[in-house]
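Open the model in your viewer and keep the selection panel at hand. The tour goes from one selection to the next.

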Amino acid sequence: MRTPIITGLAAVALVLTGCSSGAEKPAGGGSASAPSEGAATAGGQAASGEVAVAIKDFLFVDKTVTVTPGTKITWTNRESAIHSVVSTEKGVFASQDAMEENATFSFTPTKSGTIDYICGIHNYMKGTIVVS
């Protein structure tokens, strides 16, 4: 009687082990060519090309990003709550009013300076772009 139970437990353990590869794929099926979150602040050097900023847990995950002029910054809402991305200086940039889960918004700064931004829905969510 013990043999079927032990065999069954071993089979369950094998199935559970096979389901986990040890590496999680990014939400939304990201690829190796996609910009990585956090790439903008590595080593304090300005990033160029593309930078990704996640919106998660009612935060801009990279609160401050440092980029060179011409770097495309893309925000992605990674939660079910609706958010937006709006520069605090009027007219610099603003996403749509309601970025639903997995929605994106991109902005490419063209000149040096500092741009502060907030979530237009939850104004306690703040971020900064340093363009140098």
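**Stop 1: a sheet and its strands**

Select E50 first: E50 stands opposite K72 in strand 4. This is a predicted model: local features need pLDDT of at least 70, side-chain atom pairs count only at pLDDT 80 or more, and totals for chains, interfaces and linings use all residues. Residues are numbered from 1 along each chain as its sequence is written, and side-chain values use heavy atoms, with hydrogens and water left out.

Now select strand 1 (50-56) and strand 4 (residues 72-77). Strands are DSSP runs of E, at least two residues, numbered from the N terminus. Strands 1 and 4 run parallel, joined by six bridges. Strand 6 runs antiparallel to strand 4, with four bridges between them. To see one of these, pick T76; its bridge partner in strand 6 is T104.

Zoom out. The open sheet has four strands in the order 2-1-4-6, with mixed pairing; two strands pair if DSSP finds at least two bridges between them.

Return to strand 4. Five of its six residues are buried, so strand 4 is largely enclosed by the rest of the structure. Buried means under 20% relative accessible area (1.4 Å probe, protein chains only).

**Stop 2: the largest nonpolar core**

Select F60, W75, V85, F93, Y117 and I129. These have the most contacts inside the largest nonpolar core, which has 21 residues. Such a core is a set of buried Ala, Val, Leu, Ile, Met, Phe, Trp, Tyr and Cys residues joined through side-chain atoms within 4.5 Å. Strand 1 gives the most to this core, with three residues.

Which residues is I129 in contact with? Leaving aside neighbours within four places in sequence, they include V65, I73, W75, F93, F107 and Y117. Contact means heavy atoms within 4.5 Å.

**Stop 3: the second largest pocket**

Select E89, V92, K111, T114 and I115. Of the 13 residues lining the second largest pocket, these are the closest to its centre. Its volume is about 240 Å³. A pocket is an open set of points on a 1 Å grid over the protein atoms alone, where a 1.4 Å probe fits, with protein on both sides within 12 Å along at least five of seven lines; lining residues have an atom within 4 Å of a point. Grid points are joined across faces, edges and corners, and the volume is the space filled by probe spheres set on the points.

Finish on strand 7 (residues 113-118), which gives the most to this lining, with four residues.

Methods: Buried means under 20% relative accessible area, exposed over 50%, partly exposed in between (1.4 Å probe, protein chains only).
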